[in-house]
Amino acid sequence: MDSGLAELDERITGCRACPRLVEWREEVARTKRAAFADWTYWGRPVPGFGPADAPLLILGLAPAAHGGNRTGRMFTGDRSGDVLYAALYDVGLASRPTAVSADDGLELYGVRVTSPVHCAPPANKPTPGERDTCRSWLVSELRLLRPTLRAVVVLGGFGWQAALPAFAEAGWTVPRPRPVFGHGTRVALDGGPDLFGCFHVSQRNTFTGRLTPEMLRDVLRTAGRAAGLPVVDEGGGTQRHR
C-alpha cells in the first residue's frame with residue numbers, strides 16, 4: 001500500500017490537466033511574495049501528506065498560493081495550516097504544532113491530509129470543472145486508503161461537495177438525498193468511514209470566530225476516536241503519542 005500511495009503522489013505532482021491552474025501556480029512560483037523572495041517555490045500540484053495506513057483523513061479545499069504551492073506540502077506555510085496543525089498537536093495527532101517546510105520533521109499520527117484540488121487556484125476558488133477534473137486523484141487515494149480508513153474530516157462546503165461523489169465513485173454507498181454540509185455533521189457511510197463536517201480553517205473563519213480552536217479540536221477529537229486513535233481530551237487526560 002505504501003508503494004501504491006507513493007506512486008500516486010508522484011503522478012499527481014506531474015499533472016497539467018487544468019490550464020488555468022497550471023498557469024496560476026507557475027506564475028505565483030515565478031513572481032513570489034516579497035516575504036518569500038529567497039524561497040524556491042514548489043509550483044506544482046501538491047500531493048497528500050501523512051501515513052499510507054491512516055485511519056483518519058482530513059480533506060481540505062486546495063493548496064494556498066504561498067503555502068502549499070510554495071512548500072510542496074499540504075497546509076504547510078500558511079495561516080490555515082498554523083491553525084490545523086496546532087489543533088492536531090493539541091489532540092495528540094501531530095508531533096509538533098507548527099508546519100513551516102516539507103523538511104521540518106512534522107509527523108502525523110494515524111492522520112493523512114489531502115484535498116479535492118491539488119493545485120493552488122486564483123482567489124482560493126477552483127471552478128466546479130477543475131474540481132471534477134481533479135476527482136480521479138481523490139478517488140484513487142480513497143481506494144488506496146480504504147483498508148484502514150475509518151473517519152474523514154471534511155473542511156468546508158466545497159470539500160464536502162467534492163467528497164461525496166468521490167466516495168461514491170470509490171465504491172462506498174453515499175446516502176440519498178446526499179447529506180447537507182454543516183459544522184458538526186456526522187454521516188456514516190454504509191460499510192465505510194464516518195464523515196465529519198467542519199468549517200474550513202480559512203482566515204475568514206478563524207479570524208471572525210466562526211471557527212474557534214475549541215470547535216476544531218472538538219471535531220478532530222471526535223473523529224480521532226471514531227478512527228480508533230488515542231487522542232488527548234480537553235483536560236489533557238490521555239497521553240500523547242511518543
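1. Ground rules. The model is predicted, so local features need pLDDT of at least 70 and side-chain atom pairs count only at pLDDT 80 or more, while totals for chains, interfaces and linings use all residues. Residues are numbered from 1 along each chain as its sequence is written, and side-chain values use heavy atoms, with hydrogens and water left out.

2. Helix 5 against helix 6. Helices are DSSP runs of H or I with at least four residues, strands are E runs of at least two, and both are numbered from the N terminus. Helix 5 spans residues 128-145 and helix 6 spans residues 156-169. Their axes come within 9 Å and cross at roughly 55 degrees. Helix 5 is therefore oblique to helix 6. Axes are lines fitted to C-alpha atoms, for helices over the stretch in contact, with angles from 0 to 180 degrees between N-to-C directions. Under 35 degrees counts as roughly parallel, over 145 as roughly antiparallel, 65 to 115 as roughly perpendicular, and the rest as oblique.

3. Contact means heavy atoms within 4.5 Å. Helix 5 contributes Arg-131, Arg-135, Leu-138, Val-139, Leu-142 and Arg-143. Helix 6 contributes Phe-158, Gln-161, Ala-162, Pro-165, Ala-166, Phe-167 and Glu-169. The residues of this contact divide into eight nonpolar, one polar and four charged. Nonpolar here covers Ala, Val, Leu, Ile, Met, Phe, Trp, Tyr, Cys and Pro; charged covers Asp, Glu, Lys and Arg; the others, Gly among them, are polar.

4. Salt bridges. The criterion is a side-chain nitrogen of Lys or Arg within 4 Å of a carboxyl oxygen of Asp or Glu. The count comes to 14. One of them joins Asp-90 and Arg-217, at 3.5 Å, N to O. This pair links distant parts of the chain: Asp-90 is in helix 4 (residues 79-90) and Arg-217 in helix 8 (residues 213-226), 127 residues apart. Buried means under 20% relative accessible area, exposed over 50%, and partly exposed in between, with a 1.4 Å probe and protein chains only. Asp-90 is partly exposed at 30%. Arg-217 is buried at 12%.

5. The network. Asp-90 and Arg-217 also belong to a salt-bridge network with Glu-214, Arg-221 and Glu-234. Arg-221 lies in helix 8. Its relative accessibility is 7%, so Arg-221 counts as buried. Beyond neighbours within four places in sequence, Arg-221 contacts Val-91, Val-231, Val-232, Asp-233 and Glu-234.

6. Arg-112 and Glu-141 meet at 2.6 Å, N to O. Arg-112 is in strand 2 (residues 111-114) and Glu-141 in helix 5, 29 residues apart. Both are buried. Asp-132 bridges to Arg-131, with the closest N and O atoms 3.1 Å apart. Asp-132 is partly exposed at 35%, whereas Arg-131 counts as buried at 15%.

7. Leu-149. This residue sits in the loop between helix 5 and strand 3 (151-155). Leu-149 is buried, with a relative accessible area of 7%. Leu-149 and Leu-138 are 11 residues apart in sequence and 14 Å apart in space, C-alpha to C-alpha. Setting aside neighbours within four places in sequence, Leu-149 contacts Ala-54, Pro-55, Leu-56, Leu-57, Leu-142, Phe-167, Trp-172 and Pro-193.
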